[in-house]
Amino acid sequence: MRILPLLCAFLLLMLQGAAGLSLARGLPQDCERRGGFCSHGSCPPGIGRVGICSEQVFCCRRRWYP
């Protein structure tokens, strides 16, 4: 039973590291191929960041489709 807390801590660290890799860096063409658009500064309300087009320019796309 002593290994259970270690296992939980290890899984937490693995999930936390994977969350940081969710924004894919790429070109504006890559963003458009994924169904998104490039936005300077931040994405409009109701639209989520799905990548990075370049420095301070984010790839935005609706996350939930009806």
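**Entry 1. A left-handed link**

I began with the link of C38 and C53, which is left-handed, with -85° about the S-S bond. This pair connects distant parts of the chain: C38 sits in strand 2 (residues 37-40) and C53 in strand 3 (residues 48-54), 15 residues apart. I noted that the model under study is a predicted one. The sulfur atoms of C38 and C53 are 2.0 Å from each other in this disulfide.

C53 has 6% relative accessibility, so I recorded C53 as buried; the cut-off for buried is under 20%.

**Entry 2. The search for disulfides**

How many disulfides does a search of the whole structure find? I noted three. For reference, I wrote down that a disulfide is a covalent bond between the sulfur atoms of two cysteines.

**Entry 3. C31 and C59**

I turned to the disulfide that joins C31 to C59, with an S to S distance of 2.0 Å. Why does this pair tie together parts that are 28 residues apart in sequence? The reason is that C31 belongs to helix 2 (residues 28-33), while C59 belongs to strand 4 (residues 57-61). I read 90° about the S-S bond here, and the link of C31 and C59 is right-handed. I found C31 and C59 both buried.

**Entry 4. C43 and C60**

Next I examined the disulfide between C43 and C60, where S to S is 1.9 Å. The link of C43 and C60 is left-handed, with -80° about the S-S bond. Distant parts of the chain are linked by this pair as well: C43 is in the loop between strand 2 and strand 3, C60 is in strand 4, and 17 residues separate them. Are C43 and C60 buried or exposed? I recorded both as buried.

**Entry 5. The pairing pattern**

**Entry 6. The chain as a whole**

The protein chain has two helices and four strands, and along the sequence their pattern is α-β-α-β-β-β. Of the 66 residues in the protein chain, 20% are buried. I noted an accessible surface of about 5500 Å² for the protein chain, with 65% of that area belonging to carbon and sulfur atoms. Lastly, I looked at contacts in the protein chain between residues at least 6 apart in sequence: 29% of these join residues at least 24 apart.

Note on methods:
Residues numbered from 1 in each chain as written. Predicted model: local features only at pLDDT ≥ 70, side-chain atom pairs only at ≥ 80, totals over all residues. Heavy atoms only, no water. Buried < 20%, exposed > 50% of the residue type's maximum accessible area, 1.4 Å probe, protein only. Contact = heavy atoms within 4.5 Å. Areas by Shrake-Rupley, 256 points an atom, 1.4 Å probe, with all protein chains shown as cover. Disulfide = S-S within 2.5 Å.
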